Amino acid sequence: MGTLAVDEYPSLFRSEAMSLVQLFVPAEVAHDTVAELGELGNVEFKDLNPDVNPFQRSFVGEIRRIEEMARRVRFFAAQIERERDPVPIRPLYDSAPLIAVGPGAAQTMDELDVTLTGHESRLLEMNNAYEVLSGRLAELIEARHVLRETAIFFHRAESNQSEIRTSFDDSSAPLLQHDDREHQYSTASNVQLDLEFIAGVIDRTRLPTFERVLWRVLRGNLYMNHTDIADPFVDAATGNTTYKNVFIIFAHGEALLAKIRKVSESLGATIYPIDANADKRVESLREVNVRIEDLELALYNTGSTRRAELVRVGESLLSWEDLVRKEKAVYETLNLFNYDVGRKTLIAEGWCPTRDITMIQFALRHATEASGTSVPPILHELRTNKTPPTFQRTNKFTEGFQTIMDSYGIATYQEVNPGLFAVVTFPFLFAVMFGDIGHGTIILLAALWMILNERKWARADLGEIVGTFFYGRYIILLMGLFSVYTGFIYNDIFSKTLHLFRSGWTFPGGEGDVVRGEVNGHVYPFGLDPGWHGADNALIFVNSYKMKMAIVLGVTHMTFALCMQVPNHLRFNRLADIYHGFIPQMLFLQSIFGYLVVCIIYKWVVDWSKSSITPPSLLNMLIGMFLSPGTIEEGNQLYRGQGFVQTVLLLIAVVCVPWMLCVKPYLHWKETKRPHDQGYGPAPTDDGYGTRHEDLEGEEEGDGHAIAADMDEEHEQHDFGEVVIHQVIHTIEFCLGCISHTASYLRLWALSLAHAQLSEVLWDMTLARVLGLEGLFGKGMLVLVFLLWLNCTVGILCVMEGLSAFLHALRLHWVEANSKHYEAGGYQFKPLSFATLDEKD
């Protein structure tokens, strides 16, 4: 009845029982069959053509067509993303589904291909037109700036010319001679105004280089003026912005002008022909403004038409993307199949959960009916010695905890799954380090808020950080609940205490600064007595309490993890490992650290106020147990007969070391010495997936793939030297690990103490300073300081301290607990599932 219950109901205790199945799928129904299994999502197909080049497989043409359609869909998404104003995209759950199975599947794909091609051609045409018009508009805008700046420059030059007056200081010169010189200057000025010029636009970043090159090439025989263009130029193709400057260069002679043009072209400047006549420049400016208005109108119409096209694309974009993704997965899966030319049948093999075979057969029948054919696919289960993949069936509650364990390693097939126990142990160990009623309530409310909005948030893009918190919302929920529970144990809420019951301490009034508490006969029924809060020796008491509690919890956790070896050894028929592995390890751990836990509890329950001796130091007791076995110093005795008990326990621990070290290599050596020619050897094991090859007789020809797979995988053999080295390393690691891992659990005490002290410091430095203030100023300060305290509490104590406690709890599970039993030698079950295609992309 127990085996029947395990097969009947799914459980996280072990991975799902898996079966290797073989499918014979007629070619005409192959597409619909794979699509149906992809919707079901519980078959992992094997590649039956490992030696065939990916470009030489049967469905390469279909995949190329699908990839081309996927490229168009990505093009549409990129165009929508580049649009300045958001384009509405219809959600997938609100879109009409595209049916790509059944008799009309080919027509649907053809129509989709034509639709995507049409949208792409129209968008490309409009993009090209928009880019051409934008380029022309940019050129006209540059020309307008050049015309304006040129007109301004000539206007300033003419106004400045009338004010130029050259003074001559030679008073002895004749008056007529002075007039002649003035006439000569006037003539020279007229000649300067007749110099030819070149005007254009250049990138602002290249302007300094442009000036230096011209100065060196022309040897200073030029006059240059430039002005910034305030508005940036936006490239319609790339969306990059560029700032430019207008320049005008005066020079004399065609040779110099030709050099200026060559330098301008080499540095990417654009030269515009500007007439020297002012009237013609005004007329050119008027024509440019008219053309700019026409181009802006054309650009507006083109942009409106393009946006309307993108809006139509956005109505179906996600449904197209979903269909294309599914079709590509279907044809990639079909390429894994082996094609039987004579029967026109595809042969497939894959792993699936044994309990889901009935659902798979129903899906195959449904695919046959939907395709309109009368020949159904054939499924039968194969028997193989190949190790199946590991599949842990989870739900939204257990998924996060299982992911934590899978991040350490994938469990071996049918191995005890630590993810089941992590549902309780992980949030509990977190809460031991984070225990506070107030802080636990904050993260509990945050988790409840995410859970209440999970349907809406599951469809939204939350980003990496928020998405990670949302994925672990149920972990956060339990961490909050356990933190509230341990907060009641510590009697701690925002560094304050709760007086839920009558305290066991009475503080009588008296003279002097020191008030000693007196026991009143009452016992605080749950958690820490509030009388300790504010006491001078409270930190000493809490330190001792939490440190011993960390040792007790750590040894208990390691003991429980070590016990998980037993169901693994029983499941895989490794009874010898129980006797030379589990038992000596358990005796070694309990003879030292289990004994320490017992002493801690004994020391707690004894009323030392009525004892004739003082409570001994457990640390000194443990050290003396190794340095002086059987000898108990005066003042360190905890109970009668302590020396004898410690001697026996130490002998047990010493005996366990060679027990772990030598028994397994000896049994392996003895096993290898058996004469194989007489039929002696390792007995075959029935571990749930090892079976007989006789079961394959009488099957179809395709069974050869399963037989070949059995031949490929043999049990790994180790020589005697490797076994000895492995056992020496394992023994040393376990013995030293018991010490280091026990010490590692002291982080439960350290982080709990640090969290409580940080909370107390934050309270004393903020709210405690303003609670006594009165009046309007006091109320205002109270509000401001309360907001500061709340932000620091959430940001530092809840988020940062919470992440720290989370990582430490993670380490305790990965290193201290999993190292005691978790083999983690499996590989993940990765079925064809349309639901997980988004995650893979």
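Is Glu 816 buried or exposed? At 0% relative accessibility Glu 816 counts as buried, where buried means under 20% relative accessible area, exposed means over 50%, and partly exposed lies in between, with a 1.4 Å probe and protein chains only.

Before I go on, a word on the model. This is a predicted model, in which local features need pLDDT of at least 70 and side-chain atom pairs count only at pLDDT 80 or more, while totals for chains, interfaces and linings use all residues. Residues are numbered from 1 along each chain as its sequence is written, and side-chain values use heavy atoms, with hydrogens and water left out.

Glu 816 has a charged partner, Arg 811, and the closest N and O atoms of this salt bridge are 2.9 Å apart; by salt bridge I mean a side-chain nitrogen of Lys or Arg within 4 Å of a carboxyl oxygen of Asp or Glu. Arg 811, at 33% relative accessibility, counts as partly exposed. Elsewhere, salt bridges that share partners join Arg 65, Glu 68, Arg 71, Arg 72, Asp 110, Asp 113 and Glu 120 into one network, and the structure holds 30 salt bridges.

Glu 68 and Arg 71 both lie in helix H3, residues 60–82, and are 3 residues apart, about one turn of the helix, whereas Arg 72 and Glu 68 are 4 residues apart in helix H3. (Helices, H or I, of at least four residues, and strands, E, of at least two, are DSSP runs numbered from the N terminus.) Glu 68 counts as partly exposed at 32% relative accessibility, and Arg 71 counts as partly exposed at 32%, but Arg 72, at 10%, counts as buried.

Turning to the rings, the structure holds 33 aromatic pairs, meaning rings of Phe, Tyr and Trp (its six-membered ring) with centres within 6.5 Å, where planes under 30 degrees apart count as stacked, over 60 as edge-to-face and the rest as tilted. One of them is the edge-to-face pair of Phe 13 and Phe 421, at 6.3 Å centre to centre and 85° between the planes. Because Phe 13 lies in the loop between helix H1 and strand E1, and Phe 421 in helix H11, this pair ties together parts that are 408 residues apart in sequence.
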